[in-house]
Amino acid sequence: MGTSNPSGGAAPKEEEDEEMEGADEAEEEKSQSDGSDSAKASDPAPFSEGEKVLAFHGPRIYEAKIQKAEVLAGRWKFFVHYLGWNKNWDEWVVASRLLKFTEENVRKQKDLTKDSQAQERSARSRLSQKPSKTDVKPEKEDAKNQGSKGKKRKSAPPNEEKEKEKKPQESPLMLQFPLTLKKQLVDDAEFVTQLGKLVKLPRSPNVDDILKKYLEYRTKKDGTINESVSEILKGLRCYFDKALPVLLLYSKEKSQYNEIVEEGVSPSTIYGAEHLLRLFVKLPELLTHVNMEEEALTKLQQKLLDLLKFLQKNQSLFFLSSYDASKAAVKAE
(Lines give C-alpha, C1' and ligand atoms only; values in the text may rest on other atoms or scores of the structure.)
Protein backbone atom coordinates (compact mmCIF):
# COMPACT_ATOMS: atom_id res chain seq x y z
CA MET A 1 0.00 0.00 0.00
CA GLY A 2 1.26 3.44 -0.85
CA THR A 3 1.49 6.49 1.34
CA SER A 4 0.05 9.98 1.03
CA ASN A 5 2.08 13.14 1.33
CA PRO A 6 1.01 15.89 3.79
CA SER A 7 -0.65 17.94 1.08
CA GLY A 8 -2.99 15.09 0.27
CA GLY A 9 -1.40 14.24 -3.06
CA ALA A 10 -0.75 10.58 -3.63
CA ALA A 11 2.81 9.40 -4.12
CA PRO A 12 3.95 5.81 -3.72
CA LYS A 13 6.86 5.25 -1.39
CA GLU A 14 9.64 3.93 -3.62
CA GLU A 15 12.63 3.94 -1.28
CA GLU A 16 13.13 1.28 1.40
CA ASP A 17 12.25 2.47 4.88
CA GLU A 18 14.97 1.07 7.09
CA GLU A 19 13.13 1.91 10.27
CA MET A 20 10.06 -0.02 9.12
CA GLU A 21 12.20 -2.94 8.02
CA GLY A 22 13.67 -3.14 11.51
CA ALA A 23 10.22 -2.93 13.03
CA ASP A 24 8.99 -5.68 10.72
CA GLU A 25 11.77 -7.92 11.96
CA ALA A 26 10.92 -7.16 15.58
CA GLU A 27 7.22 -7.67 14.89
CA GLU A 28 7.73 -10.76 12.69
CA GLU A 29 4.71 -12.85 11.77
CA LYS A 30 3.56 -15.51 14.24
CA SER A 31 4.53 -19.01 13.20
CA GLN A 32 1.56 -21.32 13.56
CA SER A 33 3.57 -24.29 12.39
CA ASP A 34 3.99 -27.61 14.18
CA GLY A 35 7.76 -27.28 14.35
CA SER A 36 8.46 -27.91 10.68
CA ASP A 37 10.02 -24.44 10.44
CA SER A 38 12.58 -25.13 13.16
CA ALA A 39 16.16 -24.95 11.95
CA LYS A 40 19.78 -24.50 12.85
CA ALA A 41 22.19 -22.10 11.23
CA SER A 42 24.05 -25.12 9.83
CA ASP A 43 20.92 -26.50 8.14
CA PRO A 44 20.49 -25.71 4.45
CA ALA A 45 17.85 -23.07 3.78
CA PRO A 46 14.76 -24.38 1.95
CA PHE A 47 14.80 -21.16 -0.12
CA SER A 48 17.71 -18.98 -1.18
CA GLU A 49 18.28 -15.23 -1.38
CA GLY A 50 17.23 -13.84 -4.74
CA GLU A 51 14.91 -16.79 -5.42
CA LYS A 52 11.49 -16.12 -6.93
CA VAL A 53 8.79 -17.83 -4.88
CA LEU A 54 5.06 -17.86 -4.21
CA ALA A 55 4.02 -16.48 -0.82
CA PHE A 56 0.80 -16.80 1.15
CA HIS A 57 -0.58 -13.47 2.35
CA GLY A 58 -3.89 -14.18 4.03
CA PRO A 59 -5.93 -16.56 1.85
CA ARG A 60 -4.17 -15.59 -1.40
CA ILE A 61 -0.84 -16.41 -2.99
CA TYR A 62 1.44 -13.74 -4.47
CA GLU A 63 4.65 -13.77 -6.46
CA ALA A 64 7.56 -12.66 -4.29
CA LYS A 65 11.34 -12.48 -4.23
CA ILE A 66 13.45 -13.48 -1.25
CA GLN A 67 15.78 -10.66 -0.26
CA LYS A 68 17.23 -12.13 2.95
CA ALA A 69 17.36 -15.57 4.56
CA GLU A 70 18.35 -16.00 8.21
CA VAL A 71 17.83 -18.35 11.13
CA LEU A 72 15.97 -16.30 13.72
CA ALA A 73 14.62 -17.64 17.03
CA GLY A 74 15.41 -21.19 15.96
CA ARG A 75 13.73 -21.23 12.56
CA TRP A 76 14.42 -20.09 9.04
CA LYS A 77 12.93 -16.67 8.27
CA PHE A 78 12.84 -15.00 4.88
CA PHE A 79 12.49 -11.30 4.12
CA VAL A 80 10.32 -11.13 1.01
CA HIS A 81 9.29 -8.44 -1.45
CA TYR A 82 5.92 -8.95 -3.15
CA LEU A 83 6.59 -8.39 -6.85
CA GLY A 84 4.68 -5.43 -8.22
CA TRP A 85 3.73 -4.09 -4.79
CA ASN A 86 5.03 -1.17 -2.75
CA LYS A 87 7.99 -2.00 -0.50
CA ASN A 88 5.80 -1.04 2.45
CA TRP A 89 4.49 -4.63 2.29
CA ASP A 90 7.93 -6.27 2.50
CA GLU A 91 8.04 -8.56 5.52
CA TRP A 92 9.67 -11.47 7.31
CA VAL A 93 7.87 -14.80 6.86
CA VAL A 94 8.46 -18.41 7.87
CA ALA A 95 9.09 -21.20 5.38
CA SER A 96 5.56 -22.61 5.74
CA ARG A 97 4.18 -19.45 4.05
CA LEU A 98 6.33 -19.97 0.95
CA LEU A 99 6.01 -22.25 -2.06
CA LYS A 100 8.49 -23.09 -4.79
CA PHE A 101 7.75 -21.32 -8.08
CA THR A 102 6.58 -24.40 -10.01
CA GLU A 103 3.86 -24.95 -12.61
CA GLU A 104 1.76 -26.88 -10.10
CA ASN A 105 1.98 -24.14 -7.49
CA VAL A 106 1.27 -21.44 -10.07
CA ARG A 107 -1.93 -23.33 -10.98
CA LYS A 108 -2.85 -23.38 -7.32
CA GLN A 109 -2.28 -19.62 -7.14
CA LYS A 110 -4.50 -19.04 -10.18
CA ASP A 111 -7.28 -21.22 -8.77
CA LEU A 112 -7.29 -19.31 -5.47
CA THR A 113 -7.25 -15.99 -7.32
CA LYS A 114 -10.11 -17.01 -9.60
CA ASP A 115 -12.30 -18.09 -6.67
CA SER A 116 -11.55 -14.92 -4.72
CA GLN A 117 -12.15 -12.62 -7.68
CA ALA A 118 -15.50 -14.27 -8.45
CA GLN A 119 -16.57 -13.72 -4.86
CA GLU A 120 -15.45 -10.08 -4.86
CA ARG A 121 -17.14 -9.32 -8.20
CA SER A 122 -20.39 -10.71 -6.83
CA ALA A 123 -19.95 -8.69 -3.64
CA ARG A 124 -19.21 -5.44 -5.49
CA SER A 125 -22.26 -5.96 -7.69
CA ARG A 126 -24.51 -6.39 -4.68
CA LEU A 127 -22.97 -3.53 -2.73
CA SER A 128 -23.08 -1.07 -5.60
CA GLN A 129 -26.86 -1.15 -5.53
CA LYS A 130 -27.06 -0.18 -1.86
CA PRO A 131 -24.65 2.38 -0.37
CA SER A 132 -24.91 5.72 -2.10
CA LYS A 133 -22.02 8.11 -2.52
CA THR A 134 -23.48 10.20 0.29
CA ASP A 135 -23.27 7.35 2.84
CA VAL A 136 -19.82 8.54 3.88
CA LYS A 137 -19.85 12.33 4.03
CA PRO A 138 -16.61 14.06 5.06
CA GLU A 139 -18.23 17.50 5.14
CA LYS A 140 -21.76 18.85 4.69
CA GLU A 141 -20.68 21.04 1.83
CA ASP A 142 -19.74 17.94 -0.18
CA ALA A 143 -23.23 18.16 -1.69
CA LYS A 144 -21.91 21.06 -3.77
CA ASN A 145 -19.79 18.72 -5.90
CA GLN A 146 -19.88 20.07 -9.45
CA GLY A 147 -18.25 17.11 -11.16
CA SER A 148 -14.72 18.02 -10.18
CA LYS A 149 -12.97 14.80 -9.29
CA GLY A 150 -10.11 14.42 -6.88
CA LYS A 151 -6.89 12.81 -8.01
CA LYS A 152 -7.14 9.06 -8.11
CA ARG A 153 -4.55 6.42 -7.50
CA LYS A 154 -4.19 2.76 -6.94
CA SER A 155 -4.65 1.24 -3.49
CA ALA A 156 -2.87 -1.95 -2.48
CA PRO A 157 -4.65 -3.73 0.38
CA PRO A 158 -3.14 -7.11 1.33
CA ASN A 159 -6.07 -9.19 0.14
CA GLU A 160 -6.46 -7.41 -3.26
CA GLU A 161 -5.13 -9.15 -6.39
CA LYS A 162 -3.01 -7.21 -8.84
CA GLU A 163 -4.27 -7.99 -12.34
CA LYS A 164 -1.20 -7.62 -14.54
CA GLU A 165 -2.98 -7.94 -17.86
CA LYS A 166 -5.49 -5.20 -17.12
CA LYS A 167 -5.14 -1.61 -16.08
CA PRO A 168 -5.50 -1.73 -12.27
CA GLN A 169 -8.72 -0.28 -10.97
CA GLU A 170 -7.91 3.02 -9.36
CA SER A 171 -9.20 4.26 -6.04
CA PRO A 172 -9.71 7.84 -4.88
CA LEU A 173 -8.78 6.83 -1.33
CA MET A 174 -5.39 5.87 0.08
CA LEU A 175 -5.02 4.54 3.63
CA GLN A 176 -1.69 3.88 5.31
CA PHE A 177 -2.07 1.14 7.91
CA PRO A 178 0.07 1.30 11.06
CA LEU A 179 2.55 -1.58 11.21
CA THR A 180 0.86 -3.31 14.17
CA LEU A 181 -2.52 -3.24 12.40
CA LYS A 182 -0.96 -4.72 9.25
CA LYS A 183 0.32 -7.54 11.44
CA GLN A 184 -3.14 -7.87 12.99
CA LEU A 185 -4.62 -8.40 9.51
CA VAL A 186 -2.13 -11.14 8.65
CA ASP A 187 -2.59 -12.91 11.99
CA ASP A 188 -6.35 -12.66 11.56
CA ALA A 189 -6.16 -14.38 8.18
CA GLU A 190 -3.84 -17.09 9.49
CA PHE A 191 -6.06 -17.91 12.46
CA VAL A 192 -9.11 -18.36 10.24
CA THR A 193 -7.79 -19.74 6.94
CA GLN A 194 -4.86 -21.85 8.14
CA LEU A 195 -5.77 -22.88 11.69
CA GLY A 196 -9.55 -23.05 11.28
CA LYS A 197 -10.16 -20.84 14.33
CA LEU A 198 -12.87 -18.19 14.48
CA VAL A 199 -13.61 -15.04 16.42
CA LYS A 200 -15.94 -15.94 19.27
CA LEU A 201 -19.23 -14.09 18.82
CA PRO A 202 -20.81 -11.86 19.91
CA ARG A 203 -17.80 -9.58 20.38
CA SER A 204 -17.42 -7.05 23.13
CA PRO A 205 -16.77 -4.28 22.35
CA ASN A 206 -18.67 -4.62 19.09
CA VAL A 207 -18.34 -2.30 16.10
CA ASP A 208 -21.10 0.00 17.38
CA ASP A 209 -19.32 0.30 20.73
CA ILE A 210 -15.99 1.10 19.08
CA LEU A 211 -17.47 3.80 16.85
CA LYS A 212 -19.25 5.35 19.84
CA LYS A 213 -16.01 5.31 21.84
CA TYR A 214 -14.23 7.04 18.98
CA LEU A 215 -16.92 9.73 18.73
CA GLU A 216 -16.63 10.32 22.49
CA TYR A 217 -12.85 10.51 22.12
CA ARG A 218 -13.07 13.08 19.30
CA THR A 219 -15.73 15.10 21.12
CA LYS A 220 -13.61 15.28 24.24
CA LYS A 221 -10.47 16.16 22.30
CA ASP A 222 -12.18 18.78 20.09
CA GLY A 223 -14.37 20.18 22.85
CA THR A 224 -17.48 19.81 20.70
CA ILE A 225 -19.38 17.27 18.63
CA ASN A 226 -17.95 17.26 15.12
CA GLU A 227 -20.86 16.72 12.74
CA SER A 228 -18.65 15.58 9.87
CA VAL A 229 -17.07 12.87 12.08
CA SER A 230 -20.52 11.77 13.19
CA GLU A 231 -21.64 11.47 9.55
CA ILE A 232 -18.55 9.47 8.60
CA LEU A 233 -19.15 7.03 11.46
CA LYS A 234 -22.77 6.55 10.40
CA GLY A 235 -21.57 5.85 6.87
CA LEU A 236 -18.95 3.36 8.10
CA ARG A 237 -21.58 1.52 10.12
CA CYS A 238 -23.82 1.36 7.04
CA TYR A 239 -21.00 0.06 4.87
CA PHE A 240 -19.98 -2.48 7.51
CA ASP A 241 -23.47 -3.94 7.89
CA LYS A 242 -23.89 -4.29 4.13
CA ALA A 243 -20.36 -5.46 3.34
CA LEU A 244 -19.89 -7.94 6.19
CA PRO A 245 -21.86 -10.91 4.81
CA VAL A 246 -20.74 -10.50 1.19
CA LEU A 247 -17.20 -9.16 1.36
CA LEU A 248 -15.65 -9.33 4.83
CA LEU A 249 -16.02 -13.01 5.74
CA TYR A 250 -13.68 -15.87 4.92
CA SER A 251 -15.47 -19.00 3.70
CA LYS A 252 -14.90 -20.75 7.02
CA GLU A 253 -16.80 -17.99 8.82
CA LYS A 254 -20.01 -18.13 6.78
CA SER A 255 -21.64 -20.97 8.72
CA GLN A 256 -20.95 -19.07 11.92
CA TYR A 257 -22.59 -15.96 10.44
CA ASN A 258 -25.70 -17.91 9.43
CA GLU A 259 -26.00 -19.39 12.92
CA ILE A 260 -25.32 -16.20 14.90
CA VAL A 261 -26.79 -13.29 12.95
CA GLU A 262 -30.57 -13.38 12.87
CA GLU A 263 -32.69 -11.58 10.31
CA GLY A 264 -33.04 -7.90 11.13
CA VAL A 265 -29.97 -7.88 13.41
CA SER A 266 -27.13 -5.52 12.45
CA PRO A 267 -23.74 -7.23 12.12
CA SER A 268 -22.21 -4.15 13.78
CA THR A 269 -23.83 -5.27 17.04
CA ILE A 270 -22.33 -8.79 16.75
CA TYR A 271 -18.86 -8.38 15.23
CA GLY A 272 -15.91 -6.39 16.55
CA ALA A 273 -12.60 -4.78 15.67
CA GLU A 274 -11.24 -7.78 13.75
CA HIS A 275 -13.88 -7.46 11.04
CA LEU A 276 -14.01 -3.66 11.21
CA LEU A 277 -10.33 -3.61 10.26
CA ARG A 278 -11.11 -5.76 7.23
CA LEU A 279 -13.58 -3.08 6.12
CA PHE A 280 -10.77 -0.50 6.10
CA VAL A 281 -8.86 -2.77 3.71
CA LYS A 282 -11.85 -2.84 1.37
CA LEU A 283 -12.84 0.84 1.61
CA PRO A 284 -10.62 2.04 -1.26
CA GLU A 285 -12.26 -0.60 -3.45
CA LEU A 286 -15.79 0.24 -2.30
CA LEU A 287 -15.27 3.97 -2.88
CA THR A 288 -13.72 3.54 -6.33
CA HIS A 289 -16.76 4.96 -8.11
CA VAL A 290 -17.42 7.79 -5.66
CA ASN A 291 -16.79 11.18 -7.22
CA MET A 292 -15.40 13.56 -4.63
CA GLU A 293 -13.60 16.88 -4.72
CA GLU A 294 -9.94 16.64 -3.80
CA GLU A 295 -10.31 18.79 -0.70
CA ALA A 296 -13.22 16.68 0.58
CA LEU A 297 -11.32 13.49 -0.22
CA THR A 298 -8.30 14.71 1.73
CA LYS A 299 -10.47 15.50 4.77
CA LEU A 300 -12.15 12.08 4.59
CA GLN A 301 -8.78 10.39 4.33
CA GLN A 302 -7.42 12.28 7.35
CA LYS A 303 -10.42 11.32 9.48
CA LEU A 304 -10.22 7.67 8.52
CA LEU A 305 -6.49 7.62 9.29
CA ASP A 306 -7.25 9.17 12.68
CA LEU A 307 -9.73 6.37 13.36
CA LEU A 308 -7.09 3.79 12.40
CA LYS A 309 -4.68 5.38 14.88
CA PHE A 310 -7.43 5.18 17.51
CA LEU A 311 -7.77 1.44 16.81
CA GLN A 312 -4.00 1.04 17.09
CA LYS A 313 -3.87 2.99 20.35
CA ASN A 314 -6.53 0.70 21.83
CA GLN A 315 -5.40 -2.47 20.08
CA SER A 316 -5.05 -4.52 23.25
CA LEU A 317 -8.59 -3.56 24.33
CA PHE A 318 -10.37 -3.91 20.99
CA PHE A 319 -8.70 -6.94 19.36
CA LEU A 320 -8.45 -10.58 20.39
CA SER A 321 -4.97 -12.01 20.78
CA SER A 322 -6.13 -15.54 19.90
CA TYR A 323 -9.19 -17.15 18.35
CA ASP A 324 -11.24 -20.17 19.38
CA ALA A 325 -11.42 -23.52 17.68
CA SER A 326 -15.02 -23.62 16.56
CA LYS A 327 -17.49 -26.19 15.26
CA ALA A 328 -18.47 -23.60 12.72
CA ALA A 329 -14.98 -23.74 11.25
CA VAL A 330 -15.22 -27.50 10.90
CA LYS A 331 -18.63 -27.27 9.25
CA ALA A 332 -17.37 -24.68 6.78
CA GLU A 333 -14.71 -27.05 5.54
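Colleague: Leaving aside its neighbours within four places in sequence, which residues is Ala55 in contact with?

Modeller: This is a predicted model, in which local features need pLDDT of at least 70 and side-chain atom pairs count only at pLDDT 80 or more, while totals for chains, interfaces and linings use all residues. Residues are numbered from 1 along each chain as its sequence is written, and side-chain values use heavy atoms, with hydrogens and water left out. Contact means heavy atoms within 4.5 Å. With those sequence neighbours set aside, the partners of Ala55 are Arg60, Ile61, Tyr62, Ala64, Tyr82, Arg97 and Leu98.

Colleague: Is Ala55 buried or exposed?

Modeller: Ala55 lies in strand S3, residues 52–57; helices (H or I, at least four residues) and strands (E, at least two) are DSSP runs, numbered from the N terminus. Buried means under 20% relative accessible area, exposed over 50%, and partly exposed in between, with a 1.4 Å probe and protein chains only. The relative accessible area of Ala55 is 0%, so the residue counts as buried.

Colleague: What share of the contacts in the chain between residues at least 6 apart in sequence joins residues at least 24 apart?

Modeller: The chain has ten helices and nine strands, and 50% of its 333 residues are buried. For contacts between residues at least 6 apart in sequence, the share that joins residues at least 24 apart is 76%.

Colleague: Where in H5 does the kink lie?

Modeller: Helix H5 covers residues 227–247 and spans 29 Å from its first C-alpha to its last, close to the 30 Å expected; the expected span is 1.5 Å times one less than the number of residues. The bend at a residue is the angle between axes fitted to the seven residues ending there and the seven starting there. In H5 a kink of about 25° comes shortly before Pro245, at Asp241.

Colleague: At what angle do H4 and H5 pack?

Modeller: Axes are lines fitted to C-alpha atoms, for helices over the stretch in contact, and angles run from 0 to 180 degrees between N-to-C directions. Angles under 35 degrees count as roughly parallel, over 145 as roughly antiparallel, 65 to 115 as roughly perpendicular and the rest as oblique. H4 and H5 are therefore roughly antiparallel. Their axes are 11 Å apart, and the packing angle is about 170°.

Colleague: By class, how many nonpolar, polar and charged residues does the contact of H4 with H5 have?

Modeller: From H4 come Val207, Asp208, Leu211, Tyr214, Leu215 and Arg218, and from H5 come Val229, Ser230, Leu233, Arg237 and Phe240. Ala, Val, Leu, Ile, Met, Phe, Trp, Tyr, Cys and Pro count as nonpolar, Asp, Glu, Lys and Arg as charged, and the others, Gly among them, as polar. The contact accordingly has seven nonpolar, one polar and three charged residues.

Colleague: Which residues of H5 and H8 make the contact between these helices?

Modeller: H5 and H8 (residues 294–313) pack at about 70°, with axes 11 Å apart. That angle makes H5 roughly perpendicular to H8. The residues are Ser228, Val229, Ile232, Leu233 and Leu236 of H5, with Leu300, Lys303, Leu304 and Leu307 of H8.

Colleague: How many nonpolar, polar and charged residues are in the contact of H4 with H8?

Modeller: The axes of H4 and H8 come within 11 Å and cross at roughly 105°, which makes H4 roughly perpendicular to H8. Ile210, Leu211, Lys213, Tyr214, Tyr217 and Arg218 of H4 meet Lys303, Asp306, Leu307, Phe310, Leu311 and Lys313 of H8. By class, the contact has seven nonpolar, no polar and five charged residues.

Colleague: How far apart in space are Pro284 and Met174, C-alpha to C-alpha?

Modeller: Pro284 is in helix H7, residues 273–286, where 14 of the 14 residues are buried. H7 bends by about 30° at Phe280, and Pro284 follows within four residues. The relative accessible area of Pro284 is 1%, so this proline is buried. Pro284 and Met174 are 110 residues apart in sequence, but their C-alpha separation in space is 6.6 Å.

Colleague: Which residue does the cis peptide bond join to Leu201?

Modeller: The loop between strand S8 (197–198) and helix H4 (207–222) holds Pro202, and Pro205 is also in the loop between S8 and H4. The bond from Ser204 to Pro205 is cis, with omega near 5°. For the cis bond from Leu201, omega is about -5° and the partner is Pro202.
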